[in-house]
Amino acid sequence: MSKIIAVTGATGSQGGGVVNVMKKTPGWKVRAITRNLESDASKKLAAEGVEVVQASFDDEASLVKAFEGVNAVFAVTNWWEHLFSGKSQDEAGVIEEEHGMKLARAAAQTPTLEHYIWSTTPSAKRDFNGEHVTPHMDYKANVDERIQKELPELAAKTTYLYLGYYPQNMAFFPFLRPIEYPQNGQYIQMVPTKADAKILLSGDMTVNPGIWVRQSIASAPHSFGKYANVALEKWTFQQMVDVWSEITGKKCIFVECSMEVYKALWGLAGYELGLQFKYGELCDPWEEKENHITPEALGIDANEVVGFRGTIEGLKHLF
Ligand SMILES: NC(=O)c1ccc[n+]([C@@H]2O[C@H](COP(=O)([O-])OP(=O)(O)OC[C@H]3O[C@@H](n4cnc5c(N)ncnc54)[C@H](OP(=O)(O)O)[C@@H]3O)[C@@H](O)[C@H]2O)c1
């Protein structure tokens, strides 16, 4: 009989990438979790033969029910949705942390659970003793610590995935999409960070999160209690615009701006992104430490992973 993985965020980027891989993984079936069974994305999953179940991160009991009988859970929360609905950066974080803990507690109450996979990020607040913060990362990392403190049995079967910057941001995130400069045919990407600042790149979100989830499960128990970077690349912003230019045939110039300019352009969301990029200038947030498991130890096949270049090639028609 097949094992079941409950995939939260299944109608979105990360969870969607997990569904795409796990539905083709022998011995596994996917249970996609959504708030809305009637959305186009939910209906598409159901039409592909995926079991789709309604539950909300606001409602722990709904998650307990949705996780009934599952062997694994992929859990991801969405800080940005709360910011875009008018909450402050910290209010959005408090909701995200509550959601993360409801997911974790629901998983801890699932007797059949063998593996919990939590999508998280490093914390600037922790790394810089509160002197630099990035709320959309800090509150996710709070959940890691609380799983370890409050739910030790769950922690013993948890793998923590660090998702990096999505190349898809250059197509779908308005702040990061290169824009055409009037009348000279060139493009600019204006971001509040240095051109030579490096960032972890998760590559193609439609497959890579699923590869890491599948391999985390396949390499258990070695992956239990470990962190893994869902990425094989750490690139500079200059490298990204150079490769984007080469692939699209449109010359893009990287322009560093101040946090104040970016905030004036994009409001709190822009300011928050700037905080993340500043964190990446101050240190390497994704440095592989002793609590990390390497791609090699997970058995990741580099030929299967789609990196920045392959992702932008696939999206070329959108630029
Ligand atoms: N963009 C980047 O470069 C990047 C990099 C690393 C990490 N991240 C992090 O990625 C996270 C978002 O993940 P994503 O990009 O996959 O998001 P996404 O594409 O916007 O999708 C969000 C998913 O979460 C589900 N969801 C949201 N609130 C829910 C709730 N209350 N109950 C049940 N399901 C809920 C949605 O399901 P339904 O709408 O179907 O209910 C949807 O499937 C953010 O926290 C962000 O900080 C982003």
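View 1. Pockets come from a 1 Å grid over the protein atoms alone: a pocket is an open set of points where a 1.4 Å probe fits, with protein on both sides within 12 Å along at least five of seven lines. Grid points are joined across faces, edges and corners, and the volume is the space filled by probe spheres set on the points. Lining residues, those with an atom within 4 Å of a point, number 17 here, and Thr11, Gly12, Gly16, Asn20 and Thr206 are the closest to the pocket centre. Helix α1 gives the most to this lining, with five residues, and α2 (40–47) supplies at least two. Helices (H or I, at least four residues) and strands (E, at least two) are DSSP runs, numbered from the N terminus. By class, the lining holds seven nonpolar, eight polar and two charged residues; Ala, Val, Leu, Ile, Met, Phe, Trp, Tyr, Cys and Pro count as nonpolar, Asp, Glu, Lys and Arg as charged, and the others, Gly among them, as polar.

A quick note on the model: it is predicted, with pLDDT of at least 70 needed for local features and 80 or more for side-chain atom pairs, while totals for chains, interfaces and linings use all residues. Residues are numbered from 1 along each chain as its sequence is written, and side-chain values use heavy atoms, leaving out hydrogens and water.

**View 2. The largest pocket holds about 1200 Å³ of space.** Its lining has 40 residues, and those closest to the centre are Gln14, Thr77, Asn78, Trp80 and Tyr166. Helix α4 provides the largest share, four residues. Other elements giving two or more residues include α1 (13–22), β2, β5 and α12 (259–282). The lining divides into 16 nonpolar, 20 polar and four charged residues.

**View 3. Seven strands form an open sheet with parallel pairing.** Their order is β3-β2-β1-β4-β5-β6-β10, where two strands pair if DSSP finds at least two bridges between them. Because β3 (51–54) and β10 (227–230) stand at the edges with a single partner strand each, one side of each has no neighbour in the sheet. From one strand to the next, the twist averages 25°.

**View 4. Strands β2 (residues 28–34) and β3 run parallel, joined by four bridges.** Look for alanine 32, whose bridge partner in β3 is valine 52.

**View 5. Helix α5 (residues 89–108) lies across β4 (72–75) and β5 (115–120).** The helix runs at about 175° to β5. Axes are lines fitted to C-alpha atoms, for helices over the stretch in contact (heavy atoms within 4.5 Å), and angles run from 0 to 180 degrees between N-to-C directions.
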